[in-house]
Amino acid sequence: MDSARDPIGVVLDIAGSGSQVALDLQRLNECMDHADPSIALAGQVGSQIKIRTRDGWLLASVRNQKQDRRNDGNCVVANIDFMGEGKEEKLTGKIHGFRRGVTRYPIPGAMVYPATTEDLRQIYASDGRSSIQIGTVYPTSDIRAGVYIDAMLGKHFALLGSTGTGKSTSAALILHRICEAAPQGHVLMIDPHGEYSAAFKNYGMIFDVSNLQMPYWLMNFEEHCEVLLKSSGNDLQNDRDILAKCLLAARSKNRLAANMGKITVDSPIPYLLSDLTGMIQDEMGKLDKATNTAPYMRIKTKIEELKADPRYQFMFSGMLVGDTMGEFISKLFRMPGDGKPISIVDVSGVPSDITSTVVAVLSRLVFDFAIWGRSEKTNPILLVCEEAHRYVPNERNADGNSVGRVLSRIAKEGRKYGISLGLITQRPSDLAEGVLSQCGTIISMRLNNDRDQAFVKAAMPEGARGFLDSIPALRNRECIICGEGVSIPIRVSFDNLEEAKRPASEDPSFVELWNQGGGEEDAVFRTVQRWRAQGC
């Protein structure tokens, strides 16, 4: 008896997206001993089956099973989700020309057969578009899983997975593959924990507080308010009015402004911090004695603080007053890339009160550069945001920072201007709802939290629901990919990444480290030194 050629069940009923089949328990047990891993899994949850139609085969994935007790307990009823259809070669019986979607449905009583590895090879074969290989298709060991690069980047993507599932390594793997496929690319990654420096030190540029040198005058008015104004209510509006007036006057003093004629408070034109404090002092001098000088003093004191605090030197140094905007953007966006197409911006050393503003400035620069560069046919830019739920939180966690607005806008409008957004997070349910639904490709690793699972299911296309039920059962470094980047939803085991390309995100071994001793006093002393120096 040939397990691959003989039916394992029949179709019971048909519905638009999925149907119900009855499977023969004895036949399923016979298939389990087959050498082909795809046939061995036939009929099991998450496996693929095929149903004969008049001119070919319809492929479906099994969503769930239950025993049908009416027929001596020898029958299993399963719900299936249709994946697509292919034609049959008359001589060999092989599937070819596989396409997503269904045009001709089977009728109740149609026979169900196991899908072989050869069938899966045809289904998952690339359709000729440029793709990157990131792993193998489950349950096979040799069918390569590819993701279509243009479709994935053109419609944004999200990589989701609970802590400890291998998310950082998988993100590094995908970015390495993209950089290998496009060595003249332009990738900017925001790295909040300094994990990815180790993975890309030979393949990209690493920026942190020691070499970022981001000029303060690149901030727009809203970002200035976030950094300089800490008041609330009526006081805040008063402070904003004062800052707007003085900031515009300070920018206008630059000779660039004189050549341009009309500038706004948002124009990225260099100004001296001493000019800004001077303007505030002048405005304060014009007041009559009865008027409150507190708002002027608040802003002036804050600017003096930032200038004096060594932690803010990467941004508020007096050395950053020159017109370096062109060089800064070329350096950051890898234009030209010199064979190192990725910039990793490690914001772990940035003081926590301005981290989100720094990320907002970097994200807005990407967006504004794309808008003003439309006529140049500039290269597209990929912006990857790790710990995305921090920066684009849902309404419940929203803190009113401009970074959420910028990233939401990139998610909604970015692809028109050639910006791709990659979001990486372990808490998809904390993400702004509209942002995840804008991601055309979703790569989901194991999610342990019920709310996260439900949130991802709601964002996934209907045909992938059967796959999604296996999200809690995924192993480390396994994922489900669905959406624009793949022809049909697939479960993938990620490739192993060479040691030199891995991020520094390994969990410490408590038992190992707690069994070693020696040198603790020196380590504490060195740590205290660094702590006190605060990066200076």
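Strands β10 and β16 pair in the parallel sense over four bridges. Strands here are DSSP runs of E with at least two residues, helices are runs of H or I with at least four, and both are numbered from the N terminus. Two strands count as paired if DSSP finds at least two bridges between them. This is a predicted model, so local features need pLDDT of at least 70 and side-chain atom pairs count only at pLDDT 80 or more, while totals for chains, interfaces and linings use all residues. Residues are numbered from 1 along each chain as its sequence is written, and side-chain values use heavy atoms, with hydrogens and water left out.

Back to the pair. The bridge partner of phenylalanine 157 in β16 is threonine 441. β10 also runs parallel to strand β15, residues 419-425, and four bridges join those two. There, leucine 160 stands opposite threonine 425 of β15.

Next, β16 itself, residues 441-444. Which way do its side chains point? Thr441 and Ile443 point one way, Ile442 and Ser444 the other way, and all are buried. Buried means under 20% relative accessible area, exposed means over 50%, and partly exposed is in between, with a 1.4 Å probe and protein chains only. In a regular strand the side chains alternate between the two faces of the sheet. β16 also pairs with strand β17, residues 478-483, in the antiparallel sense, over four bridges. Isoleucine 442 stands opposite cysteine 482 of β17.

Now the whole sheet. It is open, has 11 strands with mixed pairing, and the order is β9-β8-β18-β17-β16-β10-β15-β14-β11-β13-β12. What stands at the edges? β9, residues 144-148, and β12 do, each with a single partner strand, so one side of each has no neighbour in the sheet. From one strand to the next the twist averages 25°. Helix α14, residues 352-372, packs on the sheet and touches β11, β13, β14 and β15; its direction makes about 165° with that of β11. Angles run from 0 to 180 degrees between N-to-C directions, and axes are lines fitted to C-alpha atoms, for helices over the stretch in contact.

Threonine 136 is buried, at 16% relative accessible area. Apart from neighbours within four places in sequence, its contacts are Ser141, Ile143, Arg144, Ala145, Arg491, Val492, Ser493 and Asp495. Contact means heavy atoms within 4.5 Å.

On to helix pairs. Helix α10, residues 273-285, packs against α11, residues 294-308, at an angle of about 160°, with the axes 10 Å apart. That makes α10 roughly antiparallel to α11. The cut-offs are under 35 degrees for roughly parallel, over 145 for roughly antiparallel, 65 to 115 for roughly perpendicular, and oblique for the rest. The α10 and α11 crossing is left-handed, a term used if the near helix is turned anticlockwise from the far one by less than a right angle, and right-handed if clockwise. Among the residues of α10 in this contact are Leu273, Leu276 and Ile280, and on α11 they include Tyr296, Ile299 and Ile303. By class, the contact of α10 with α11 has eight nonpolar, three polar and four charged residues. Nonpolar covers Ala, Val, Leu, Ile, Met, Phe, Trp, Tyr, Cys and Pro; charged covers Asp, Glu, Lys and Arg; the others, Gly among them, are polar.

The other pair is α7 with α8, residues 233-252, whose axes come within 11 Å and cross at roughly 120°. That makes α7 oblique to α8, and the crossing is right-handed. Phe221, His224, Cys225 and Leu228 of α7 meet Arg240, Leu243, Ala244, Leu247 and Arg251 of α8. These residues divide into six nonpolar, one polar and two charged.

Last, some backbone details in the loops. Most residues other than glycine have a negative phi, and most peptide bonds are trans. Histidine 156, in the loop between α4 and β10, has a positive phi near 65°. Is histidine 156 buried or exposed? Histidine 156 is buried, at 1% relative accessible area. Glutamine 213 also has a positive phi, about 45°, and is partly exposed at 46%. Between methionine 335 and proline 336 there is a cis peptide bond, with omega about 0°. Proline 336 lies in the loop between α13 and β13.
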